[in-house]
Amino acid sequence: MEVVLDKTVNFAVLGVGVPNQNLGGHSVYNGIGEVHAHFISQTPGARLTACCDLNRDNGEAYARKFSCDFEHDYERLLARPDVDVVVVCTPSGLHGEHTERAARAGKHVIVEKPLEITLAKADSMLTAVRESGVKGVIVFPTRYYSAVNAVRDAINAGHFGTPALINALCLRYRDDVYYSGWRGTWALDGGGACMNQGIHMIDALLYLLDDLATVQARWDTIGHPKDLVEVEDVALALLTFRRGTLGTIQCTTCAWPDHGERIELHAMDGSVSLATHRVLDWQMANDAHLPDLSTLVERDEEFTGHRLLYLEAVPYFRGEGPCRCEIASGRRSLALIEAIYESARQGGAVIEPVLG
Ligand SMILES: NC(=O)c1ccc[n+]([C@@H]2O[C@H](COP(=O)([O-])OP(=O)(O)OC[C@H]3O[C@@H](n4cnc5c(N)ncnc54)[C@H](O)[C@@H]3O)[C@@H](O)[C@H]2O)c1
């Protein structure tokens, strides 16, 4: 039976975050759970009622800061009638277990990226969501940016012709301290520069071109000590698409002092380059096909895509509209990253990932 809401949507955050972390680029980072609390409080029809974390001190401090209740025990959180949606912000390799338990308890879910760290675990959690009749959302803020959607519309309208080349770049910097906890472990991060950081651009690439055919990849751990960081800190992938396009993915956490993210698309009828949501350059052979670039801007705030996601997710949970981040759509970036890792392990073998 489908679970439908007709009132204020009550949220609970699972995994409040570790205060004062070093996350390159961000001035103060207290974990993504805090970003969710902030944007829940800004979204009409949404209310944060509770939070839950293994760390009692951090959980109680978060509850005071955001005026909600703290539950130390996840089962107690799931038993609360004033929780409609659980926002899963725990380390990536726990997303499946925490989502399945929420879904089986009849709660809707918002799950931070990546969906999970293996396709097997992801498919199990998607089954639980489907069988429980709850709704799920995967957090890929890039899909909400107006520039990304304008590029997608132009591709689908044929304004570029056949894209010849698409490049997704994630050129981040993370120091050794960043990797001192669950991050950089196969067990809980599930990978490195691709699975944790690069996944945003990898998802954006598949959001723009949905007909990926093959991938070949190489990786290494070059900038960080291998005894500290189990996973890759540099990865390269060559892609082919059924429509004929060739592409590349480049991900690293060694790009001091942090060179951000980019998507580039080149074709005979035009080229565009985006830095996450900013248009760096966009030119079309036919001027009539160039959108008004002054409209393709977002608010100047950190994690602004999370705000846009909540504006769509709240009506979605109420059954009032679709969601472009419906949970099953989180599978495709994971499938591509799993194929990148498999190809790299086989020394650059050609793999045909099953994205659907
Ligand atoms: N979309 C984005 O831009 C974005 C940005 C950062 C992080 N993330 C994702 O969010 C997730 C969390 O990342 P983070 O940076 O906030 O990590 P974090 O380490 O700051 O926070 C994780 C929290 O989960 C808690 N926790 C761990 N195991 C738990 C359990 N079994 N039960 C309850 N609480 C538990 C920890 O105590 C901690 O408070 C990761 O999957 C990460 O990939 C997404």
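Reply: Let us begin with handedness: a crossing is left-handed if the near helix is turned anticlockwise from the far one by less than a right angle, and right-handed if clockwise. Helices (H or I, at least four residues) and strands (E, at least two) are DSSP runs, numbered from the N terminus. By that rule, the crossing of H7 and H9 is right-handed. Please keep in mind that this is a predicted model, in which local features need pLDDT of at least 70 and side-chain atom pairs count only at pLDDT 80 or more, while totals for chains, interfaces and linings use all residues. Residues are numbered from 1 along each chain as its sequence is written.

Me: At what angle do H7 and H9 pack, and how far apart are their axes?

Reply: Two packed helices are described by the angle between their axes and the distance between the axes. Axes are lines fitted to C-alpha atoms, for helices over the stretch in contact, and angles run from 0 to 180 degrees between N-to-C directions. Here H7 and helix H9 (residues 331-345) pack at about 120 degrees, their axes being 9 Å apart. H7 is therefore oblique to H9, given that angles under 35 degrees count as roughly parallel, over 145 as roughly antiparallel, 65 to 115 as roughly perpendicular and the rest as oblique. On the H7 side the contact is made by Cys194, Met195, Ile199, Ile202, Asp203 and Leu206, and on the H9 side by Arg332, Ser333, Leu336, Ile337 and Ile340; two residues are in contact if their C-beta atoms, placed from the backbone, lie within 7 Å.

Me: Which residues have the most contacts inside the largest nonpolar core?

Reply: A nonpolar core is a set of buried Ala, Val, Leu, Ile, Met, Phe, Trp, Tyr and Cys residues joined through C-beta atoms within 7 Å. A residue is buried if 20 or more other C-beta atoms lie within 10 Å of its own, exposed if 12 or fewer, and partly exposed in between, with C-beta atoms placed from the backbone. The largest such core has 104 residues, and Ala12 and Ile340 have the most contacts inside it. Helix H7 (residues 193-208) gives the most to this core, namely eleven residues. At least three residues of the core come from each of domain 1 (9-141 + 307-327) and domain 2 (142-298 + 332-345). Leaving aside residues up to four places away in sequence, Ile340 touches Cys194, Val215, Ala217, Ala235 and Ala237.

Me: Is helix H1 mostly covered or mostly uncovered?

Reply: Helix H1 (residues 32-42) is mostly covered, since eight of its eleven residues are buried. The buried residues include Val35, His36, Phe39 and Ile40. Among the elements that cover them are strand E1 (9-14), strand E2 (46-52), strand E4 (85-88) and H8. H1 and H8 pack at an angle of about 50 degrees, with 9 Å between their axes, which makes H1 oblique to H8. H1 passes H8 in a right-handed crossing, where Val35, His36, Phe39, Ile40 and Gln42 of H1 meet His306, Arg307 and Tyr310 of H8.

Me: Where does the backbone have cis peptide bonds, and which residues have a positive phi without being glycine?

Reply: Most residues other than glycine have a negative phi, and most peptide bonds are trans. A cis bond joins lysine 113 and proline 114, with omega about -15 degrees, and proline 114 is in the loop between strand E5 (108-111) and H5. Another cis bond joins tryptophan 256 and proline 257, with omega about 0 degrees. Proline 257 lies in the loop between strand E10 (246-252) and strand E11 (261-267), and aspartate 258, whose positive phi is near 115 degrees, is found in the loop between E10 and E11. Aspartate 258 is partly exposed, having 13 other C-beta atoms within 10 Å. Asparagine 20 has a positive phi of about 55 degrees and is exposed, with 8 other C-beta atoms within 10 Å.

Note on methods:
Domain bounds come from an automatic or database domain assignment.
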